[in-house]
Amino acid sequence: MAGIERLWDPGSQALLDELGIGAGRRCLEVGAGGGSLVQWMAGRGATVVAIDIDTRFIEPLAGDAVEIRRADIRTDELPQCEFDLVHARLVLEHLTERRQILARLVAALRPGGWLVVEDYDWTGFGLDDADPQFQRVSEAIITFMQQAGFEPRYGRRLFDDMAAAGLSDIRGEGRARVIDSSSPGFDFFRLSFESVRDAVVEAGLLSAEDADAASARLRENRRVFTPMMMAGIGRR
């Protein structure tokens, strides 16, 4: 989570700044993770409700400006017509009920409020030398995650889903980075791979040899082309 925050927070903050985050704004942060954006919003003078299915990393942030709620957005009720801004990053792409959840996030907005959703398009991800072995590893991991409902190109579909949810003034952007092992966020890709590699091998999607080779490559000082972070913005 710290790697994700270091990599993507600057772009997320720029988007939210454009929408006028500040005193008097009430915000909902969905999938608050490590809490860096919650702290940033509160530091801007906003009041924030931060929800996550696992709140252990954000509970220390609770205070006058920050309310922490443990919630599963697939099943738990959300406040209605309460927030000036709802933000979710790298959440909906993991959930098969993403269209229904998106409708619930829209319902949590006050009329005129803004929804900002950020999710990946993994199409351009890879190493700088286009190593075919590493490409096989990437495809195996994506396939493994898809079996649990992950949509690796949801960033491309996001805008149509926002329109279907009834939002207006829909716009967006895509952000990608070229990073190496010294860059903030590189550990996200390395640690993510290490966390699932054994399960992917056990599932028969990846050979142990390819897994070992990919692990070694990610310990080298390689350049990584990140997936595209697509940001969809719409107004209720």
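This is a predicted model: local features need pLDDT of at least 70, side-chain atom pairs count only at pLDDT 80 or more; totals for chains, interfaces and linings use all residues.
Good morning. Let me begin with the sheet. Seven strands make up an open sheet with mixed pairing, and their order is β3-β2-β1-β4-β5-β10-β7. The edges are held by β3 (66-70) and β7 (168-175); each has a single partner strand, so one side of each is left without a neighbour in the sheet. On average, neighbouring strands are turned by 15° against each other, with direction ignored.

Within this sheet, please look at strand β1 (residues 26-30) and strand β4 (residues 83-89), which pair in the parallel sense over four bridges. V30 has A88 in β4 as its bridge partner.

Next, a helix on the sheet. Helix α5 (residues 154-164) lies across β5 (109-121), β7 and β10 (228-235), and runs at about 5° to β10.

I turn now to the helices that pack against one another. Two packed helices are described by the angle between their axes and the distance between the axes. Helix α4 (residues 132-146) packs with helix α6 (residues 186-202) at about 80°, their axes being 10 Å apart. The two are therefore roughly perpendicular to each other, since angles of 65 to 115 degrees count as such. On the α4 side, the contact is made by V137, A140, I141 and F144, and on the α6 side by F193, V196, A199 and V200. Which classes of residue are found here? There are eight nonpolar residues, no polar and no charged ones.

α4 also packs with helix α7 (residues 208-219), at about 105° and with axes 9 Å apart. Here Q133, F134, R136 and V137 of α4 meet E209, D210, A213, A214 and L218 of α7. This contact has five nonpolar, one polar and three charged residues. Thank you.

Terms used. Residues are numbered from 1 along each chain as its sequence is written. Side-chain values use heavy atoms; hydrogens and water are left out. Axes are lines fitted to C-alpha atoms, for helices over the stretch in contact, and angles run from 0 to 180 degrees between N-to-C directions. Angles under 35 degrees count as roughly parallel, over 145 as roughly antiparallel, 65 to 115 as roughly perpendicular and the rest as oblique. Contact means heavy atoms within 4.5 Å. Ala, Val, Leu, Ile, Met, Phe, Trp, Tyr, Cys and Pro count as nonpolar, Asp, Glu, Lys and Arg as charged, and the others, Gly among them, as polar. Two strands pair if DSSP finds at least two bridges between them.
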